[in-house]
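Here are my notes on the two-chain model we talked about. Have the structure open while you go through them.

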Amino acid sequence: MSELAVPHRSGASQEHVNFRVLVVDDDPDMAGFLAHILKDEGLRAETLSDGETALVNILASPPDLILLDVMMPGLDGFELCSTLKQDDATALIPVVLITSLDDHESRVRGIAAGADDFLTKPVKREELLARVRTLRRLHETRRELESRHLAAEIQRKEAIRGAFARYVSPRLADRIIHELGEGGGPFKGQARRSEVVAMFVDLRGFTRLTELSDVGAVVEMLNEYFSVLTDAAYQHDGTIFNMAGDSLLIGFNVPFPQQDAAVQAYRAAIDMVDQFMPVSAHWKRRFGLDTGIGIGICKGDAIFGNIGSPHYMNFTIIGNPVNTAARLVQMAAAGEVLVCNAVYDAIRELVPAGAVRPRGEVSLRGKSEPVSVFNVSAGG
Amino acid sequence: MPENRYTVTVAKDLEDLIPVFIRNRQKEVESLRAALNAADFEQLRLLGHRMKGVGSSYGFMHVSAIGKQIEEGARSADRSTIEGCIADYATYLRKITIVYE
């Protein structure tokens, strides 16, 4: 058995040492010779003596370049090269096949196997280094482009996440980004019709609040109020479509389907009422204001998408459930959650006994059938 | 030292590798003899092919030249040519002088 020649370590410059070359050759003298030259050039060079071990090693820890002898027992250079080039994880690792000068058949087979370059035996130091330098430059250029592309993609997704985080829960923002794929923009397609649960929330006592002389305090209170609302909305995967004055429009089952949208809307509403109570009590003590939130929820078909002009556009929902929810919130007193019969049917089993009060029927403009209304927070 | 077929000039930076290289060549002579005794011409062809590739890479042109003859001899099962090559190879390795530059 041949001994393995152990190349000496030269004074390799650290800047190159991160480029890792794997030499696969069953002749230890040839492998040692190639590794020696590469190390002299300041590269990391490792040697392996058979194709099977090399394949396992490459898959576990892909090198930056492979120098591969074609004639090896077992898995030969052609088979190993072909296997690597068919695997997405290793296809881009440059492979240099080492062939004999007069072996044209090997060159043809090497091209078919996907080899990136060839090196002829006997190996000339200058030729080896020239080929390695060229492939290294290409490899590094590709890596740089990949990292730039990756950085740009991360930046784009973070910008989208930042924009969407204002409208949807972090979970929904992640889902939107995940479904974007590469290069696309969110919701660029046509507006869609879908069943949605629309919720309007209003602040009772808002007019008196705005009359406070301390503008900073007004803004601070509104921020506190909206924080309670948005936290509860996001907690239940609601999407905020509009914020105007003290009013908030939230959609459920939109833009992504939710199996239990009405239930989530109901729970969000109860959370809003509960969590606003201590805020309201604090405002009462500090400013003497009587405040509370009223909520209207309705369910039905609506259109959602980017609606507006090229100069000003909103991602919004329009349709009957939105109009009805707007009408219900007008009717809701502080602490009341009014729902239409379609929502009530979906949440009936969740509403505690004694917490529901029918509020009669409400007629809407342009609608022949009146809508039955229920206050589902009566016991709260 | 006069230049002849037994004097080989090798790059200075390869000096550390040469003792192992020479020992492997001496083992190679034994492998060649064993293959010839067994009339294993495929093994002889592979050994010749390997000598052809590795010899000149290190600067040992004569190793490559002998390897080429053995590879060709093995293809035609030319026993006497191979025998002569192995004897020549053994002599070469005994008489060789290496100069590092």
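**Notes on the model**

1. Let me start with a helix pair in chain A: α2(A) and α3(A) are roughly parallel to each other (angles under 35 degrees count as roughly parallel, over 145 as roughly antiparallel, 65 to 115 as roughly perpendicular and the rest as oblique). Bear in mind that this is a predicted model, where local features need pLDDT of at least 70, side-chain atom pairs count only at pLDDT 80 or more, and totals for chains, interfaces and linings use all residues. Residues are numbered from 1 along each chain as its sequence is written, with chains lettered from A and ligands numbered from 1 in the order in which they are written.

2. More on that pair. Helix α2 (residues 51-60) of chain A and helix α3 (residues 77-85) of chain A cross at roughly 20°, and their axes come within 10 Å. Axes here are lines fitted to C-alpha atoms, for helices over the stretch in contact, and angles run from 0 to 180 degrees between N-to-C directions. On the α2(A) side the contact uses Gly51(A), Ala54(A), Leu55(A) and Ile58(A), and on the α3(A) side Glu79(A), Leu80(A), Thr83(A) and Leu84(A); two residues are in contact if their C-beta atoms, placed from the backbone, lie within 7 Å. By class that gives 5 nonpolar, 2 polar and 1 charged residues, where Ala, Val, Leu, Ile, Met, Phe, Trp, Tyr, Cys and Pro count as nonpolar, Asp, Glu, Lys and Arg as charged, and the others, Gly among them, as polar.

3. Now the helix pair in chain B. Helix α2 (residues 41-58) of chain B packs with helix α3 (residues 61-75) of chain B at an angle of about 155°, the axes being 7 Å apart. α2(B) and α3(B) are therefore roughly antiparallel to each other, and their crossing is left-handed. The residues of this contact divide into 9 nonpolar, 6 polar and 5 charged.

4. Leu47(B) is worth a click; it sits in helix α2 of chain B. It counts as buried because it has 24 C-beta neighbours inside 10 Å (buried takes 20 or more other C-beta atoms within 10 Å of the residue's own, exposed 12 or fewer, partly exposed in between, with C-beta atoms placed from the backbone). Leaving out residues up to four places away in sequence, Leu47(B) touches Glu28(B), Ser31(B), Leu32(B), Ala35(B) and Ile70(B). Its C-alpha atom is 9.8 Å from that of Ala74(B), 27 residues apart along the chain.

5. Please check the backbone at a few spots. A cis peptide bond with omega about -5° joins Lys121(A) and Pro122(A), and Pro122(A) is in the loop between β5 (117-121) and α5 (125-164) of chain A. Another cis bond runs from Val254(A) to Pro255(A), with omega near 0°; Pro255(A) is in the loop between β8 (247-252) and α9 (261-287) of chain A.

6. Which way does phi go at Asn253(A)? It is positive, near 70°, in a residue other than glycine. Asn253(A) is found in the loop between β8 and α9 of chain A and is buried, with 24 other C-beta atoms within 10 Å. Ala77(B) also has a positive phi, about 50°, although it is not a glycine. With 12 C-beta neighbours inside 10 Å, Ala77(B) counts as exposed.

7. On the interface: 17 residues of chain A are in contact with 19 residues of chain B. Helix α1 (residues 28-40) of chain A supplies the largest share of chain A's side, 6 residues. That side has 7 nonpolar, 5 polar and 5 charged residues. The predictor gives the complex an ipTM of 0.87 and a pTM of 0.54.

8. Finally, confidence. Chain B averages a pLDDT (the predictor's confidence in each residue, from 0 to 100) of 92, and chain A has a mean of 85. Within chain A, helix α6 (residues 170-180) is lowest at a mean of 67, and strand β11 (residues 337-340) highest at 96. Helices (H or I, at least four residues) and strands (E, at least two) are DSSP runs, numbered from the N terminus.

Methods
A crossing is left-handed if the near helix is turned anticlockwise from the far one by less than a right angle, and right-handed if clockwise.
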